[in-house]
Amino acid sequence: MSDLNIYVLGAGIVGLTTALELKRDLRNASITVIADDFYENTTSYVAAGIFRPTSGDFGKSEEITRKWIIDSFSYWELLRLSSESSEAGVKEISGYIFSSEHPHIVRNKYLEKLVPVYRKATEEEMGLCLGDWKYGSYFSTILTDTAKYLKWAEKKIHMSNVPIRHEKIRAFSEISGECDVIVNCTGLGSKFLCNDSSLTAIRGQVSKVEAPWIKHFFYGDYDTYIIPGFDNVTLGGCRQYESYDKKFSQYDYLSMRERCEKMLPSLRDAKLIGHRVGLRPHRIPVRVEMEEKIANGRKLKIVHNYGHGGYGVTTCPGTSINAVQLVRRALTEKSKL
Ligand SMILES: Cc1cc2nc3c(=O)[nH]c(=O)nc-3n(C[C@H](O)[C@H](O)[C@H](O)COP(=O)(O)OP(=O)(O)OC[C@H]3O[C@@H](n4cnc5c(N)ncnc54)[C@H](O)[C@@H]3O)c2cc1C
């Protein structure tokens, strides 16, 4: 099995998690990670990091979506309960989601069946933050500080002797040498690499503030959220469809700060630490499938794992486990396993 050569493209949360899962499942395979951006230059670094899937299906079916979510939750829960949880930046968190307009916003068909607590907020709880709330839920879930997780995952990858190459790939055929499978985890980069017109950016911006008195997360209407993390509190947010602008916007900052302070006036005293901007790689369905290509007379097997949109932290372990199964299938077909 040591003559297996697998290349993982991408060093965001999807690429690094996939590389770790490959190493766990195919111990003797030779794995190489290739990426042109790392750590703070990835979308993954920007994520608020809460485990909260959308209620809609983002896999090819409800069954696939549910499997990804269940596998992901188990992955994060195991890491949370391990001795590495604080280094990996994974912890439990609880809080509220409120809406003044729509009852469906405070429900979640996936989370309600998965997390330890998901219930209607009480009358008293509906008054915990300001707003004309008509609907509310309380739930507990998992929070991943992606800055910590990316560092932890990279360290693990180095420790397993998996080389990480800093390189931009313009076509899959550029990968030279023996290559049994390429696992494509390039997020928004796949728009160009795969010429995928169904992949688009949803721009997001968050701010980090010092507010150690905030112990629960709060979601309100219009993409407003307050999420306490390990070292600071994340204030958000915005979702700008088809915007590719990675520059900080003062307008977005003032708007979200005003919305957050309206919900929790104590945030007026919160010192600003900084801002993060990222482009969510949005695609329905998230692409987890195998493709065979002939490029420059060479047959390439590519397993795609990209398009996680605003839910990459929530779902990447599940899609990565699925991608590893596809890699195994590709290798079996080649009688390499
Ligand atoms: C403001 C904001 C808040 C968010 N909050 C949450 C949240 O609370 N919960 C949640 O689940 N998700 C959240 N997300 C979504 C999450 O961040 C993304 O789904 C996730 O980061 C996508 O990860 P990725 O690895 O696919 O992409 P990226 O992190 O962008 O990584 C892509 C990698 O591919 C590499 N690459 C691309 N093209 C090439 C190429 N041609 N050659 C070589 N390398 C290439 C890049 O260099 C990079 O290393 C949020 C996103 C934003 C913007």
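This is a predicted model: local features need pLDDT of at least 70, side-chain atom pairs count only at pLDDT 80 or more; totals for chains, interfaces and linings use all residues.
## Ground rules

Local features need pLDDT of at least 70 and side-chain atom pairs count only at pLDDT 80 or more, while totals for chains, interfaces and linings use all residues. Residues are numbered from 1 along each chain as its sequence is written, and side-chain values use heavy atoms, with hydrogens and water left out.

Let's start with strand 1, residues 5-9. Helices (H or I, at least four residues) and strands (E, at least two) are DSSP runs, numbered from the N terminus. Since 5 of its 5 residues are buried, strand 1 is largely enclosed by the rest of the structure; buried means under 20% relative accessible area with a 1.4 Å probe, protein chains only. Asn 5, Tyr 7 and Leu 9 point one way, Ile 6 and Val 8 the other.

Strand 1 pairs in parallel with strand 2 (residues 30-35) over 5 bridges, and with strand 7 (residues 181-184) over 4; pairing takes at least two DSSP bridges. Val 8 sits opposite Val 33 in strand 2 and opposite Val 183 in strand 7.

## The cores

A nonpolar core is a set of buried Ala, Val, Leu, Ile, Met, Phe, Trp, Tyr and Cys residues joined through side-chain atoms within 4.5 Å. The largest has 66 residues, and those touching the most other members include Ile 6, Trp 76 and Val 327.

Leaving aside residues up to four places away in sequence, Val 327 touches Ile 6, Leu 22, Leu 26, Val 181, Val 183 and Val 303, where contact means heavy atoms within 4.5 Å.

Notes. Buried means under 20% relative accessible area, exposed over 50%, partly exposed in between (1.4 Å probe, protein chains only).
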